[in-house]
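Please consult the sequence and the structure shown below while reading.

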Amino acid sequence: MPGLEDLYREIVLDHYRNPRNRGELPCPPARRAEGFNPLCGDEVVVYADVAGGVVRDVRVGGQGCSISQSTASMMSVAVKGRSLAEVEKLERSFKAMMSIVTDGDEVAPPADLGDLEALRGVVKFPVRIKCATLCWNTLSESLRD
Ligand code: ZN
């Protein structure tokens with residue numbers, strides 16, 4: 001009987017094999033940031049086109065393990081068209097799911113994490129958590145003024 005973990009594995013593999021929003025954006029106007037996870041050798045490059053406080057477009061590049069690259073793909077889908085405040089909330093929710101943010105009342109991730117929910121199982125493998133949060137940290141850096 002296929003369980004939730006099999007479904008999650010399929011979602012992760014799908015994003016790894018068919019990454020969404022892959023590529024680059026001209027800088028400027030887009031902002032660019034690079035992230036590196038030396039523990040695993042993952043690289044993520046994030047391009048964010050921000051105008052009027054909204055992430056109008058986002059592209060991701062880089063290379064690495066399936067967790068790091070599929071998370072970047074899912075993240076790009078989740079944040080595209082969102083306000084900076086919404087993006088920050090998504091990041092907090094995701095990191096709460098990864099048990100990194102444990103303070104406050106955001107214990108349960110909201111439903112709007114979408115495909116990112118598929119990474120819930122990563123929390124059981126602490127060494128992989130850095131793979132899953134790399135793209136979020138890189139996105140944050142690109143959005144910082
Ligand atoms: Zn990795």
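Which residues does Met98 touch, not counting those up to four places away in sequence?

## Met98 and the nonpolar core

The model discussed here is predicted. In this model, Met98 touches Leu119, Val122, Val123, Ile129, Ala132 and Thr133, with residues up to four places away in sequence not counted. Met98 is also among the residues with the most contacts inside the largest nonpolar core, together with Val79, Phe94, Leu116, Leu119, Trp136 and Leu139. This core has 35 residues.

At least two core residues come from each of the following elements: helix 1 (4-17), strand 2 (42-51), strand 3 (54-63), helix 2 (66-79), helix 3 (84-97) and helix 4 (126-143). Helix 4 gives the most, with eight residues.

## Helix 4

Helix 4 consists of 18 residues and reaches 27 Å from its first C-alpha to its last, which is close to the 26 Å expected at 1.5 Å a residue. A bend of about 40° occurs in helix 4 at Thr133; Thr133 is also one of the residues touched by Met98.

The buried residues of helix 4 are Ile129, Cys131, Ala132, Thr133, Leu134, Cys135, Trp136, Thr138, Leu139, Ser142 and Leu143. These buried residues pack against strand 1 (31-37), strand 2, strand 3, helix 2 and helix 3.

Are Cys65 and Cys131 buried or exposed? Cys65 has 15% relative accessibility and therefore counts as buried, since buried means under 20%. Cys131 counts as buried because its relative accessibility is 1%.

Lys95 is located in helix 3. With a relative accessibility of 13%, Lys95 also counts as buried. The side chain of Lys95 is joined to the side chain of Asn137 by a polar contact of 2.5 Å.

Conventions
Residues are numbered from 1 along each chain as its sequence is written. This is a predicted model: local features need pLDDT of at least 70, side-chain atom pairs count only at pLDDT 80 or more; totals for chains, interfaces and linings use all residues. Side-chain values use heavy atoms; hydrogens and water are left out. A nonpolar core is a set of buried Ala, Val, Leu, Ile, Met, Phe, Trp, Tyr and Cys residues joined through side-chain atoms within 4.5 Å. Buried means under 20% relative accessible area, exposed over 50%, partly exposed in between (1.4 Å probe, protein chains only). Helices (H or I, at least four residues) and strands (E, at least two) are DSSP runs, numbered from the N terminus. Contact means heavy atoms within 4.5 Å. The expected span of a helix is 1.5 Å times one less than its number of residues. The bend at a residue is the angle between axes fitted to the seven residues ending there and the seven starting there. A polar contact is a pair of N or O atoms within 3.5 Å; within protein, one must be able to donate a hydrogen and the other to accept it, and residues adjacent in sequence count only if both atoms are side-chain atoms.
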